[in-house]
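Colleague: Before we look at anything in detail, could you show me how to read a helix and the sheet it packs on?

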Amino acid sequence: MDYNEQIDFLYKDVPGFSATVKLIEKLKKKRKLRVLNFSHHDLDGISSAFILKRIFENHLGAKVVTKMPAFFKLWEEALTDELKKEGEFDILLISDKGTFEYYDEFLKHVEEVLIIDHHQLDGKPKNCTLFNPTVEVSNYASAASLLCNMLAHKLGYAEEIDDLAALIGCRGDFAFDPVEKTISDFATPFIEEMEKKFPLAFEVRSGRPTMYDIVDRSRTALINQIGEVLQVGTLAHLYKEKLKIDVDSGPGLVYDFLVELGESDGDSSKFTSIEDFLAHGPNGKILSTVFDQFKDDWDLLEKRSDNSVFIGELRGIGVYLVFAREVDAMDSTPFPAILPFVASTKLENMKRKGNHPHAMVVVFCPKERGVHISMRGGGGIINCGKMCFELSKRLQEIYLDGKGIGGGGHAKAAELLADKPIPTYSVMHEFLLMAEEMVALSKALDEGTADHDQIEKSKVLGLTS
Ligand SMILES: [Mn+2]
């Protein structure tokens, strides 16, 4: 199935797709259309916002206000604050920010709400227009920007820059990797077409490995380099003082760069290097300044995190602990900034050295606000998300009000935050206790001696399903 055939198939198969097109056709008739878009602040969210803005401004004559705050869920308060500041809107677009039932309540504030998303989450809004194949037809849609791109194609509006933006969004959300030659099912028709359109971006080359080149640290590809530079760009505001740059929002900078790129008359399929890609005006220059600093910081963190301690094997997976601080500029972030990416690149080495089929790394990072733990890896056999969630629960029980403690995430990547005044040693102690318990449980499971209680505990801890 080629990309166009896939779009036609989904248009018939996914009710939210045709409903979205219908809604846009209806809005076309409206004069002075005002659109408010809240989008995720990562590469996929930024690319989604970019494509949506082009649809609504270039083809519906709308005025689009885009917001990419540094949190995932859209809270009602964030929406009402914006409405107070910016006035009334005809439609609220929520892109790559989850599919939550309570998004229905936003219809109190705006007449139309359109959600374009690919996450699988609890609850399904009934009154908003929802385009999310993951939730609607259990077809895991790799990236929200890819859905936006499909919409642009279906409407007949898509241009090369919309394809490039979706390609960047797919790279950011790990939908494909040209070096490892992996592509998620949903993104396959699109990525195969992009490989023909942007062959230079896919070419495997030797060079500094990016944060995406986890398995083979000797090769990379231009699209991985582009993804990394822009991902680092989303952190630009944190370097504002250090680098004396005029950036209030990293995601905003990346967004503006995409606009710059779209307006440049160069042929975007002809980029040969990352320097070439960034040579498109003032925002490209800021991005490259930020990237130079990032490379230094990355090297520093490689040294800092070169201290892994083997904790034990869980279901055959080697679990390692890394204890390190972030670089100064990232010390206040509540999200994984640079250190967890550095630690991820060590997984392959841990696995080989310890002769495990897979490895998991637990990054223990003391920050300004408290302790930040990031877990990565696990090979899909043990579960980072369940471990972070259970550890946060145990800490909440010890610190009775449980305030400032939260944890959870996906099977292969998860986070835990324990704010001050919860002491660092206490978080470490609980983690080590839990790890000790898990090693024993894993042994009992492997030997077939686990009793009912142990099996139930193992489920909670993600050692078995
Ligand atoms: Mn996404």
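**A helix and its sheet**

Modeller: Just after H18, Gly448 takes a positive phi of about 75°, and please keep in mind that this is a predicted model.

Colleague: Which residues of H18 are buried, and what do they pack against?

Modeller: An α-helix has 3.6 residues a turn, so residues three or four places apart point the same way. In H18 the buried residues are Val427, Phe431, Met438, Leu441 and Ser442, and these pack against S10, S13, S15, helix H17 (384-398) and helix H19 (452-460).

Colleague: In what order do the six strands of the sheet follow one another?

Modeller: The sheet is open, with mixed pairing and the order S10-S11-S12-S13-S15-S14. Strands S10 (309-314) and S14 (405-409) stand at the edges with a single partner strand each, so one side of each is left without a neighbour in the sheet. From one strand to the next, the twist averages 15°.

Colleague: How many bridges join S14 to S15?

Modeller: Five bridges join S14 to strand S15 (residues 413-419), and the two run antiparallel, with Gly406 standing opposite Leu417 in S15.

Terms used:
Residues numbered from 1 in each chain as written. Predicted model: local features only at pLDDT ≥ 70, side-chain atom pairs only at ≥ 80, totals over all residues. Pairing = 2+ DSSP bridges. Helix = DSSP H or I, 4+ residues; strand = E, 2+ residues; numbered from the N terminus. Axes fitted to C-alpha atoms, helices over the stretch in contact; angles between N-to-C directions. Buried ≥ 20, exposed ≤ 12 C-beta atoms within 10 Å, placed from the backbone. Contact = placed C-beta atoms within 7 Å.
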